[in-house]
Amino acid sequence: MPDTFIKIASVTVGSGGAANIDLTSIPSTYTDLVLKVSARTSASTVNGWQSGALTFNGSTSGYSGILLAGRGDLSPVSITSSASNIEFAFYSSDAGSTGNTFANNEIYIPNYAGSNNKSISSDIAEENNAARALAGLCAGLWSNSAAINRITLTPNGGSFVQYSTATLYGIKNS
Amino acid sequence: MPTTYTPIATTTLGSNTGTVTFSSISGTYTDLVLITNVSGNDGAICIRFNSDTGSNYSNTGLRGNGTSASSTRATNFSYIAGTSNLSVTAGSLQTAIWNIQNYSNTTTNKTVLFRDGMATHITGATVGLWRNTAAITSVSLSPEFGANVFYTGSTFTLYGVKSA
């Protein structure tokens, strides 16, 4: 019987911070991927969170995405992503949020090595005991039939700070 | 240590298909997780349990279409429906993750919590209830509205999760 949730790669950001987290040489031996991200950035915004972009295989075209988010004292919002990346695939706590607090994200990527376009489903939680926090869902698409062998995560402001992590798991369906 | 996410069954459609059913589901797990990655000609993806087509389902959904957020509710329905129409954009895929907790007990009605979305159309989350205390032994998925189909290449994978 196959094992599931096999760790493929894990990154922990060091003391110097990181402009992005880049997971490369992803093998094609699994069915789906699950990427768990715990993130904080060096940027400071009025809201306490910073959105983050995801790209596959270094590509900067062919993307689309929709975000649905509840934001505490703000009204729920739904917005669309750019075409150069999945613009809201994950979120980070930012420099203005409660200290020692990191947003949590899970990104599910089914059939990542198949020959169809590639979709993602993200769950996003940025909670920091303030009046404003974010709980979100993102649906994303990369209109490309290539197998995914690289995933790059980039905050849309600032850099990942120390102790931000990303862990990539593989799941087999048989 | 128990293995998590144990594959129970998987289906990849070789032709357009109206209904996909996982049957004879063993009661040996604690929870079920269903991953669907589909496209189709029309309607939202719908789920039924144990071939029950009666008005024994209800659901509440939260959705965003890229412009606004909204909530929906249905009671006394003959299925639990997802949020996105399968046909919106050619080449677009709907991904859904369905969590069915405590599926094999015979004392509680059965709930399902799932997220589904299609990047060019909508994303959302839904909680559904099947008013039946029977253990779930089959799960059926189909597009809404009768003669609609899932397209070739759509995938459906059922996993079992044990708590101990």
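**Close-up 1. Surroundings of Tyr169(A) in the predicted model.** In this predicted model, Tyr169(A) is in contact, leaving aside its neighbours within four places in sequence, with Phe5(A), Ile6(A), Lys7(A), Ile8(A), Asp32(A), Leu33(A), Val34(A) and Lys36(A). Tyr169(A) itself lies in strand β12 of chain A, which covers residues 165-171.

**Close-up 2. The four-stranded sheet of chain A.** Four strands of chain A form an open sheet in the order β2-β11-β4-β7, with antiparallel pairing. The edges are taken by β2 and by β7 (86-93) of chain A, each of which pairs on one side only. When direction is ignored, neighbouring strands of this sheet are turned against each other by 25 degrees on average. Within the sheet, β4 (residues 49-56) of chain A is joined to β11(A) by five bridges in the antiparallel sense, and Ala53(A) has Thr154(A) in β11(A) as its bridge partner.

**Close-up 3. The salt bridge between Arg150(A) and Asp22(A).** The structure holds four salt bridges over all chains, and one of them is formed by the side chains of Arg150(A) and Asp22(A), with an N to O distance of 2.9 Å. The two residues belong to distant parts of the chain, 128 residues apart: Arg150(A) sits in the loop between β10 (134-142) and β11 (151-155) of chain A, whereas Asp22(A) sits in strand β2 (residues 21-23) of chain A.

**Close-up 4. The eight-stranded sheet of chain B.** In chain B, eight strands make an open sheet with antiparallel pairing, and their order is β1-β12-β3-β8-β9-β10-β5-β6. The edge strands are β1 and β6 (69-77) of chain B, each pairing on one side only, and the twist from one strand to the next averages 15 degrees. Part of this arrangement is the antiparallel pair of β3(B) and β8(B), which are joined by seven bridges; here Val33(B) stands opposite Asn99(B) in β8(B).

**Close-up 5. β10(B) and the strands on either side.** In the strand order of the sheet, β10 of chain B stands between β9 and β5. Nine bridges connect β9(B) with β10(B), the two strands running antiparallel, and they form a hairpin with three residues between them. In this pair, Thr111(B) has Leu129(B) in β10(B) as its bridge partner.

**Close-up 6. The contact between chain A and chain B.** The two chains meet through 34 residues of chain A and 35 residues of chain B. Between them they bury about 2500 Å², of which 63% lies on carbon and sulfur atoms. Three residues, Arg115(B), Ala119(B) and Thr123(B), supply 22% of the area that chain B buries against chain A, more than any other three residues.

Close-up 7. The interface has one salt bridge by the rule applied; in a salt bridge, Arg115(B) is linked to Asp123(A), with the closest N and O atoms 2.7 Å apart. On the side of chain B that touches chain A, the elements giving two or more residues are β1 (6-12), β3 (31-38), β5 (57-64), β8 (94-100), β9 (110-118), β10 (122-130) and β12 (155-161) of chain B. Of these, β10(B) gives the most, with four residues. The residues on this side of chain B comprise 21 polar, twelve nonpolar and two charged.

Definitions and conventions. Residues numbered from 1 in each chain as written. Chains lettered and ligands numbered in written order. Predicted model: local features only at pLDDT ≥ 70, side-chain atom pairs only at ≥ 80, totals over all residues. Heavy atoms only, no water. Contact = heavy atoms within 4.5 Å. Buried area = accessible area lost by both parts, 1.4 Å probe. Nonpolar A, V, L, I, M, F, W, Y, C, P; charged D, E, K, R; others polar. Pairing = 2+ DSSP bridges. Axes fitted to C-alpha atoms, helices over the stretch in contact; angles between N-to-C directions.
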